[in-house]
Protein chains: 4
Amino acid sequence: MTDPIDVAILGASGYTGAELVRLLLRHPHVRIAALTADRKAGQAMADVFPQFSGIELPRLTTIAEVDLDAIDLVFCALPHGTTQGVIADLFARKPSLKVVDLSADFRLADPAAYETWYGHPHQQLALQEEAAFGVVELNREAIAKARLVANPGCHSTTSILPVVPLLKDKLIHPDQIVITSATGMSGAGRAAKEEMLFSEVSEGVHAYGVGKHRHTAELDQEFDKAAGRPARATFTPLLIPMNRGIYATITVTLEGGATAEQLHETLARTYAGEPFVTVLPFGKVPQSRHVRGSNGVQLGVVADRGPDRAVLISTLDNLTKGASGQAVQNMNLICRFPETSGLEQLAIFP
Amino acid sequence: MTDPIDVAILGASGYTGAELVRLLLRHPHVRIAALTADRKAGQAMADVFPQFSGIELPRLTTIAEVDLDAIDLVFCALPHGTTQGVIADLFARKPSLKVVDLSADFRLADPAAYETWYGHPHQQLALQEEAAFGVVELNREAIAKARLVANPGCHSTTSILPVVPLLKDKLIHPDQIVITSATGMSGAGRAAKEEMLFSEVSEGVHAYGVGKHRHTAELDQEFDKAAGRPARATFTPLLIPMNRGIYATITVTLEGGATAEQLHETLARTYAGEPFVTVLPFGKVPQSRHVRGSNGVQLGVVADRGPDRAVLISTLDNLTKGASGQAVQNMNLICRFPETSGLEQLAIFP
Amino acid sequence: MTDPIDVAILGASGYTGAELVRLLLRHPHVRIAALTADRKAGQAMADVFPQFSGIELPRLTTIAEVDLDAIDLVFCALPHGTTQGVIADLFARKPSLKVVDLSADFRLADPAAYETWYGHPHQQLALQEEAAFGVVELNREAIAKARLVANPGCHSTTSILPVVPLLKDKLIHPDQIVITSATGMSGAGRAAKEEMLFSEVSEGVHAYGVGKHRHTAELDQEFDKAAGRPARATFTPLLIPMNRGIYATITVTLEGGATAEQLHETLARTYAGEPFVTVLPFGKVPQSRHVRGSNGVQLGVVADRGPDRAVLISTLDNLTKGASGQAVQNMNLICRFPETSGLEQLAIFP
Amino acid sequence: MTDPIDVAILGASGYTGAELVRLLLRHPHVRIAALTADRKAGQAMADVFPQFSGIELPRLTTIAEVDLDAIDLVFCALPHGTTQGVIADLFARKPSLKVVDLSADFRLADPAAYETWYGHPHQQLALQEEAAFGVVELNREAIAKARLVANPGCHSTTSILPVVPLLKDKLIHPDQIVITSATGMSGAGRAAKEEMLFSEVSEGVHAYGVGKHRHTAELDQEFDKAAGRPARATFTPLLIPMNRGIYATITVTLEGGATAEQLHETLARTYAGEPFVTVLPFGKVPQSRHVRGSNGVQLGVVADRGPDRAVLISTLDNLTKGASGQAVQNMNLICRFPETSGLEQLAIFP
């Protein structure tokens, strides 16, 4: 039996923080030792998230109050931009610490790309270089030996999983990838903004960040690497009235005489044995509700009419596999726990 | 002042039937003279749709019971396949009748295309040839002199309006059109099916008819005609948890050095003065909720990063401009009423 | 033909403001002459509410910028507390003005009740005394001659309409009224608050203001008056995941041998001929969706098992009959327009 | 370590069946040995509920095909009426079997009450007498030694938990209980009916079964027993647009000088130490979303204005504690497993 580790969750008053608590409270090898939320420091977690009423949890504190000596691993669920300084400071105080970062700060390996997409130079170039990109199924080796893992974006994970293996095998044209990625509201976080009010979101749909959503940079990075040359995806996110779920519809053009069936075989082979990725039978279309609340991903491949195109569909729960679940999966890998520990929850449907 | 006409609505117990009643009850030149619903014949409309409680309306009857002598125009909101026979019979009984058909039966001019997409030969070839395709803004001349108008599909109208003018002007590649079209549930009708239950639809999203949705045939017909050669669109519909609305995200590749701004100019010019089509400022993204309950369409054009692609966004209410509202607009054109009569309702938001 | 009047809407950037614009744009006797929104002054209405894109409307201004000389009637959709001063100032500048106030400031005739429920003394006692309480169907005479009408609360209107006639006729016990009133989110307004975010509201329900919601004061005022002695209602509002609608379930105890059928007869008689109030057949249960977007109210009376109790159900659209629609109805009464002018829209279902 | 038992789920293609599978797949002491669904016999569970794709489960069979010799306990999730014969037959074939029945067939101990509420005489009077009523927290002793447990209705459990202890302690008037109980759609099951379609349910609310909902009989039975004399509750269920959750608002009149605080103390004392029932601090209002997907119940007590009334609020997930979760809890009790086995999932919010 492995000894439990002590973890801190920085930014516990947001949705990904709450999701980390939900998962870690049932993780057999983890103790939640600290929870921080600077503006809500002093409050009980149950005041901020009443689903934890009656459950023993550390009170919310500031980051400064966390006793790092007692912490083995930190989940960092803070806003991007400020995160890089916080993590640099953590490592300065305790170099042996492990960190899984849910922000965007360490996802892009290329400083120039970071500056282009985020509008300012990266402040922690050494850490940026050190960080492993945390799409577990495609990057296990690097993650397992990392001190700092950059948990990828929810949209990014959803599209990287089906596209990267096909680019690697040169089955699809790298410059003809069109992604529409519908997401629920929880991915937008818990900050009070007019455009996130119930009445602004329910009974309707709209695109956002068209032509400029920052997850595109993560897609570029991984697609280019897989294709061995610059790829070109057009990525359009949609906001739809649901809490959880990402649903990517990816139209691809087949390369070198490949067939849609071959795409399916490649994905089925790539993800055979993966505990969290299910490739549905060829032609079957997944639904986001069938992974809700779980760490699962469902992938589908459907032929378009005509021989040269196919539609890939990929869905996951943005708070679980798209954020906190994948973060736990990364922790499991780093800490040599069974990769499914704490992540066995099945999807909730209906 | 125009004399009012007497209309019959065949298939009044479905959602498009109820929407026709909603619009026509406030139409200054129309009297609702007959409502049919074969399986619910004998019931009051308020029993089937309690929003009409306290409002005087003809009782539901069978089609056979309708006195065609007293009817000037028929809205036919019946299932496809059976509709063609019903309409042929109506014309046999009264050749001077006007018919606006909301089914798919007369939308495809090419008998071969019909047979391919619907799996059986068309039974009324003469009527098929005679029917005008009812996207009003693009086909006014033919509609105005038609006896039979085929009201187009809701997904079709949504994508035809932004794409056809751009194909005509050779601004986009006809074979590089990728459409993801998200729709609410009311478009699926009122038949009791497991997959349409609230708990199967809420809090989730899924694609359907991937690679084979029949509205693709309407897109092909209109896109080919506009391009002057075979076009190729990949069309993927999504079902999302809302009642009303279609939201098409259309990724296009620019042709011959065209810019996204030029696409916008062309659409703005094409639809200037149109009462129901609003082209938003360049770069602005519409939302489906801002046309809810109205006959309006909102179009947006956004440049993708990189010079060669753009994203067109088109949204309308599937029951209004996508079905019954456009049907009333077609009637207005046929009957020489002002085109906005009965269609002045503004969108309901929130 | 009546000459059109010129109206100003103060607080046009909120939901009730937008609903007023929706209704008044189609009102045959009204011109929208001014729209104010202090924090958004200078913006176009279409920037704040894109459903008005392509429609000509005055730009948003501050209240101070409104030229009162050119205004006949003001709709005041401002927060309570500040409203009383604003309206006093309007009358000081133009005593002949008509004002329909959608805030709570002038609803309570008793200064002591106001102070109890709102926590501070009323600042405009003369106006408070002058104001007419704007439940149109029950107070036409006073409203018709008023300069200032206090549009009642959405929950209040919903419960006053079925309960008051029964109290007047002494058919129910005044001290045994239990009301649960479920409301959609649009009634909470457009201010950005965490508890109003989509993810905090969807897929769940909760009560709020239990034992202390301020609409209780309006119920007390009207119930006491109708009963001729202090009544006692227990009023519990529920927040449910929908945009529009109030749905009151009112459990009453029958008095003096009255039967549930008699309750129904009394309501049917009271509201016979009312254009906006429909009393469903005895035993029939209304649904909020069947009045959505309209100014209609649907009332139902159902017997409880056992002889001594009944359940009244009342539903309306909180933004229409519960706020802006009733405000227009009040204006129509004050200005001697037909009472249904601008309010003919039928409910939108689905 | 306890040996695992083998269970069969009869009626596995419905929502409560799927919820049982979700819970039991992670139960440390249970093997799912058989799944039945008469009309879908032969299909894989993943075809009927795709959230189980990639998970090994028995194929669906008919009830007749189940090898009872290999089964220790049966969960019966079949429609009421037919269930009683099925269970009698099971016991005839294997008297040592344990059965947890999720239908209504064995909930009422009184044959006359059953006949009144269900319209036909009970066919298995001996079993009816034998069955234990499965509200675990209030009936552990009887359940622990039962062969047949009648899992109570979802509305019933929600209201029994807060009301029964208060009646036992004579703190509230037995004849002044008014319950409004809002429920999500999943409680209505998976049968395809028009009134359960998404478009009929979303964006609205309505009451159903007013004055005659059958769960009233369960409330009567338990309330009468607790009060020691006939109680009288008025029970009105509301259907609201969400998947999961029951939310009861219970207005009570205090008896013998009791205070709302005393009600709270009694409930806090009664449920102290219960793993699934959380009594919130006095005056705090629960939300259904904070128990979503868990077996938890949250109770709140709020004073009404005035001294003599209080509002109790009780919420649970209708598919978990309101059905399948409680069924597993009953099994745990019968089989001497830890009561929380398989039920440790935390609520999913957002």
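View 1. A salt bridge here is a side-chain nitrogen of Lys or Arg within 4 Å of a carboxyl oxygen of Asp or Glu. This is a predicted model, where local features need pLDDT of at least 70 and side-chain atom pairs count only at pLDDT 80 or more, while totals for chains, interfaces and linings use all residues. Residues are numbered from 1 along each chain as its sequence is written, chains are lettered from A and ligands numbered from 1 in the order in which they are written, and side-chain values use heavy atoms, with hydrogens and water left out. Between chain A and chain C the count is six salt bridges. At this interface, 21 residues of chain A touch 21 residues of chain C, with contact meaning heavy atoms within 4.5 Å. The two chains bury about 1,700 Å² between them, with 52% of it on carbon and sulfur atoms; buried area is the accessible area (1.4 Å probe) that two parts lose on being put together, summed over both.

**View 2. Asp308(B) reaches over to Arg232(A) in a 2.8 Å salt bridge (N to O) between their side chains.** Chain B and chain A also have a count of six salt bridges. Here 49 residues of chain B are in contact with 49 residues of chain A. About 4,200 Å² is buried between the pair, and carbon and sulfur atoms give 49% of that. On the chain B side, look for Glu203(B), Arg232(B) and Arg305(B): they supply 19% of the area that chain B buries against chain A, more than any other three residues.

**View 3. Glu200(B) and Arg190(D) pair up through their side chains, 2.8 Å from N to O.** Glu200(B) sits in helix 8 (residues 198–201) of chain B and Arg190(D) in the loop between strand 8 (172–183) and helix 8 (198–201) of chain D, so this pair joins two chains. Helices (H or I, at least four residues) and strands (E, at least two) are DSSP runs, numbered from the N terminus. Across all chains, the whole structure has 71 salt bridges.

**View 4. The largest cavity comes in at about 240 Å³.** Closest to its centre, out of 19 lining residues, are Pro241(A), Pro241(B), Pro241(C), Phe198(D) and Pro241(D). A cavity is a set of points, on a 1 Å grid over the protein atoms alone, where a 1.4 Å probe fits but cannot get out, and lining residues have an atom within 4 Å of a point. Grid points are joined across faces, edges and corners, and the volume is the space filled by probe spheres set on the points. The lining splits into eleven nonpolar, four polar and four charged residues, where Ala, Val, Leu, Ile, Met, Phe, Trp, Tyr, Cys and Pro count as nonpolar, Asp, Glu, Lys and Arg as charged, and the others, Gly among them, as polar. In the whole structure, the search turns up six cavities of 30 Å³ or more.

View 5. Pro350(A) is in the segment after helix 11 (320–334) of chain A. Over in chain D, the bond from Phe349(D) to Pro350(D) is cis too, with omega near 0°. Lys170(A) has a positive phi of about 55° although it is not a glycine. Find Lys170(A) in the loop between helix 7 (154–168) and strand 8 (172–183) of chain A.

How values were computed: 1 Å grid on protein atoms, 1.4 Å probe; cavity = no way out; pocket = protein on both sides within 12 Å on 5 of 7 lines; lining within 4 Å.
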